[in-house]
Amino acid sequence: MAVKTTRQRREPATLATLGPDDPEALLGVDIAPRTRPPSVVTVVDPGLTALQPVMAVSEIESLAAMRQATRPPPKRKNKEQRNLVENHQAHIRADPIEFSKQLSLWATGTGWRAYTDYIGGRVFYSGYSEECVRSVLASSQVNDRIRLIAEQQVSAAGLPPGPQRDKRRAKIEADLRKDAEKIANGLVTRMDNVRFLRGFGALVNNLLVRMYHQGLEISIPQYARFKEIAQLAASKKQSLLILPCHKSHIDYLTISWLFFRLGLSLPHIIAGENLNMPILGPVLSKCGAVFIRRSFGDDPMYSTVVKEYIEELLENGKNIECFIEGTRSRTGKLLPPKLGILKYVLDALDRGRTEDVWICPISLQYDKVIETESYVNELLGNPKEKETLAGLLLNTRVIQLQLGRIDVRFQEPFSLKGWLDDQKKRRTAPVDAPPGSRKPKSDQTTLLRALGYEVLAGINDCAIIMPAGLVGTVMLTIRGRGIGKRELVAKVVWLKSAIEARGGKVADFGEMTVEEVVDRALLVLKDLIGEQQGLIEPTYHPISRFELSFYRNQVIHLFVEEAMLCAVLYTRVKAGGAAPSQRLEKADCLHELQFISRLLSNEFIYSPEGLEANAERTFQSLETDQVILTEETLVGLNPQERALGRENFDFFCFLLWPFIDTYWLAAVSLFALAPLSPPPSAEEPVAWYLEKSFQSSAQLLAKTLFAQGDVSYLEAVNQATLLNAFQKLVDVGVLLTLRSSSVAANAAISSKTGKDGQKKLPKKPASVPLMALHPDWVPRRTADGSIAPEGKLWEFVDRLSRFRREGKNRRDNKTVSKRVVEYSAYIHNKSTSDFWADKRQANL
């Protein structure tokens with residue numbers, strides 16, 4: 001079960017000396033808004049007029065200098081945060097003189113735009129990339145790998161020792177060195193020209209100011225501490241490992257522009273090879289992009305060159321940026337961590353290539369994310385449109401959008417070496433441990449996973465909840481069709497206080513009232529939330545619930561423990577009856593909490609403190625809020641909560657119900673994997689099906705059930721969450737998976753047909769993912785071929801269905817109506833309808 005945790009603050013050697021009282025010294029002086037001299041209108045000739053300053057130019061300049069010297073610092077509504085683009089002009093039409101002035105500052109490299117005095121490893125000098133390539137190719141790691149591969153290939157050829165073998169080995173090594181050079185040249189970033197960087201920085205600056213017209217905000221105290229750690233790392237020639245969350249293609253630009261603006265050494269950004277496209281790829285490479293393959297496959301030379309390059313960067317104190325989630329989150333909440341680059345970093349530390357690395361979690365929050373519409377189409381399983389960063393930036397419609405503001409927050413960086421030492425101490429069994437006690441795992445895989453979730457927790461800890469997240473959450477947790485303006489504002493006020501009570505942070509808008517903040521969010525979300533006019537008061541309703549769920553999911557991590565407990569209590573509330581009969585024993589609550597929290601562990605970040613400690617804290621929190629009432633060992637709804645119409649209780653349930661529906665859908669679809677005929681023998685007890693084909697069909701089943709009312713939430717028909725659900729079913733042993741290169745498997749995925757009507761096979765057989773029900777979970781079929789209402793799968797779906805929201809075919813708590821189970825049969829296609837016969841013929 002998820003729970004908030006209080007993380008120990010890692011104090012650096014010295015405290016930050018720069019803070020809210022002297023932000024200009026911390027951030028560097030930016031441009032000031034242009035002030036126009038006072039003018040008068042004079043008559044030049046009959047019929048002609050002209051504007052003329054009331055003073056001579058020299059007098060104006062002298063007066064301006066005097067005023068600047070005596071002028072008090074501008075009054076800020078919130079001294080703890082700063083809009084870094086506050087005075088930046090986005091459009092030449094709005095103020096041609098100011099726009100031209102800003103361009104001239106970029107062209108001349110004035111102030112921080114020069115980027116010649118920054119904190120961290122030296123980059124952007126002539127010959128930097130060639131130096132990196134030479135260093136990688138000359139490394140012992142790469143040359144040892146070349147010799148090893150050459151020896152393996154010579155041995156495989158069966159050549160006896162002698163000149164012929166040596167000659168063959170030398171040729172193989174020469175070819176491998178060419179391959180390594182080609183890989184290194186494609187990999188190494190081209191950070192050679194600071195003038196180019198300034199030009200691209202000016203372009204990115206204008207794009208960000210145009211699209212996010214209300215600014216780019218940072219926390220001054222957070223950055224003061226971050227800057228101090230950066231200075232400490234630079235003094236010791238150590239790297240910052242920048243680990244931001246990933247919501248949009250704009251993330252790349254935002255982080256790099258931010259480091260440029262704040263005078264920090266730009267990071268080497270680990271990016272997917274799909275971004276290395278004509279024109280854009282070389283531009284991004286010149287600004288720090290390191291393009292790597294999504295999968296290294298069976299290419300040991302490629303993985304070795306990548307590993308050596310990462311270690312070279314760390315050894316020389318260069319900053320590295322990679323997105324901890326591996327890809328953009330299409331759902332709005334954090335994804336499970338990807339650990340590939342973290343493994344290379346740990347290896348570099350273990351091998352002594354660097355003394356330490358500083359881990360820097362960063363949160364980026366947007367009022368509105370550009371790609372949410374395309375995310376919805378993708379998650380609904382529609383054909384994926386090719387979407388690129390270039391497409392976004394060159395789309396004039398996108399550039400003209402006004403999407404609110406961006407908030408960037410820095411979690412306090414921590415020493416990787418210190419973290420590892422602490423973990424190893426904690427995971428070492430004490431001397432007085434009782435015999436047979438379980439020793440905590442301390443292998444690298446476990447440490448990597450722990451580190452990944454530590455970073456995700458750090459991102460959540462420092463994340464800011466934007467107004468769109470507040471309004472989107474309220475809109476998706478109302479029972480009715482719509483909500484009036486006054487009630488919407490009141491619920492946003494409650495939600496804001498609830499977030500802050502749980503240690504969360506809400507974006508600060510200075511002296512704006514809550515109603516003004518809500519109006520601002522409604523304007524940004526005008527395509528997602530509709531307004532019905534001509535009524536007593538403005539009334540709002542969701543237009544695109546699926547797209548709004550992206551913003552709701554940015555809030556859910558703060559309430560997930562309460563949501564789980566309320567969903568458990570709902571299993572009894574849904575059954576109806578008098579209030580005393582709707583209570584649960586605490587022990588039963590814990591049992592059900594363990595079930596649902598384990599099932600949803602791929603969705604949320606859990607605390608290591610243990611189920612009982614987390615549950616006890618949640619019981620106390622909900623009792624304090626008068627949502628539940630505990631009487632001796634029984635837990636039920638508080639009478640005051642009932643009197644209020646279960647308002648808060650339902651709010652918590654609404655947050656979790658879409659996820660429960662998705663996992664229920666995944667479980668229901670498994671009935672389709674029950675073979676229509678028994679296995680031919682005990683040696684062949686498993687029926688294998690094409691994984692991707694089955695998953696697509698399962699989503700089609702989900703869409704059908706939503707359209708017919710068996711599923712309440714369109715966002716439950718979510719490809720990403722469905723895949724998480726199937727993976728969890730693999731983890732707990734319900735499903736089995738394997739990869740097959742057989743002829744039958746390749747024929748099944750082939751879309752090409754020959755003249756003889758037979759499917760064409762690829763020249764090189766592909767490794768095709770397959771899936772199957774574990775034999776212990778295969779449901780029994782009756783004589784007429786229908787599913788018998790018994791067995792482990794039936795009982796599992798029945799237990800899960802109790803958590804679902806009351807509705808069609810759910811009130812009586814029966815597992816799945818006969819009609820729903822019959823629909824699952826449509827997941828079969830002709831070639832797999834009688835699997836065993838096909839298997840005997842094709843040897844799948």
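Analyst: Happy to; we will go through helix pairs and then cavities. Keep in mind that this is a predicted model.

User: Let's begin with α5 and α6. At what angle do they pack, and how far apart are their axes?

Analyst: The general idea is to take the angle between the N-to-C directions of the two axes. Here α5 (residues 140-157) and α6 (residues 163-187) pack at about 135°, and their axes are 9 Å apart. Angles of 65 to 115 degrees count as roughly perpendicular and those over 145 as roughly antiparallel, so α5 is oblique to α6. Their crossing is right-handed.

User: Which residues of α5 and α6 make the contact?

Analyst: From α5 come Val142, Asn143, Ile146, Arg147, Ile149, Ala150, Glu151, Gln153, Val154, Ser155 and Ala157. On the α6 side you will find Arg165, Arg168, Arg169, Ile172, Glu173, Leu176, Arg177 and Ala180. Sorted by class, the contact has nine nonpolar, three polar and seven charged residues.

User: How should I read α23 and α24: what is their angle, and is the crossing left-handed or right-handed?

Analyst: Helix α23 (residues 586-599) packs on helix α24 (residues 611-624) at an angle of about 115°, with 11 Å between the axes. That makes α23 roughly perpendicular to α24. The crossing is right-handed. In the contact, α23 contributes Lys586, Cys589, Leu590, Leu593, Gln594 and Ser597, while α24 contributes Leu611, Glu612, Ala615, Glu616 and Phe619. These divide into six nonpolar, two polar and three charged residues.

User: And where do the axes of α7 and α9 stand to each other?

Analyst: The axes of α7 (residues 194-211) and α9 (residues 250-262) come within 10 Å and cross at roughly 120°. α7 is therefore oblique to α9, and it passes α9 in a left-handed crossing. Leu197, Arg198, Phe200, Gly201, Val204, Asn205, Leu208 and Met211 of α7 meet Ile250, Leu253, Thr254, Trp257 and Phe260 of α9. By class, that contact has nine nonpolar, three polar and one charged residues.

User: Now the cavities. How many of 30 Å³ or more does a search of the whole structure find?

Analyst: The general idea first: rolling a probe the size of a water molecule over the atoms shows where empty space is left. In this model the search finds six cavities of 30 Å³ or more.

User: Which residues lie nearest the centre of the largest cavity, and which element supplies the largest share of its lining?

Analyst: The lining has 18 residues, and Phe200, Tyr252, Leu253, Ser256 and Cys287 lie nearest the centre. Helix α9 supplies the largest share, five residues. α7, α9 and β6 (268-272) each give at least two residues to the lining.

Definitions and conventions
Residues numbered from 1 in each chain as written. Predicted model: local features only at pLDDT ≥ 70, side-chain atom pairs only at ≥ 80, totals over all residues. Heavy atoms only, no water. Axes fitted to C-alpha atoms, helices over the stretch in contact; angles between N-to-C directions. Helix = DSSP H or I, 4+ residues; strand = E, 2+ residues; numbered from the N terminus. Parallel < 35°, antiparallel > 145°, perpendicular 65-115°, else oblique. Left-handed = near helix turned anticlockwise from the far one by under 90°. Contact = heavy atoms within 4.5 Å. Nonpolar A, V, L, I, M, F, W, Y, C, P; charged D, E, K, R; others polar. 1 Å grid on protein atoms, 1.4 Å probe; cavity = no way out; pocket = protein on both sides within 12 Å on 5 of 7 lines; lining within 4 Å. Points joined across faces, edges and corners; volume = space filled by probe spheres on them.
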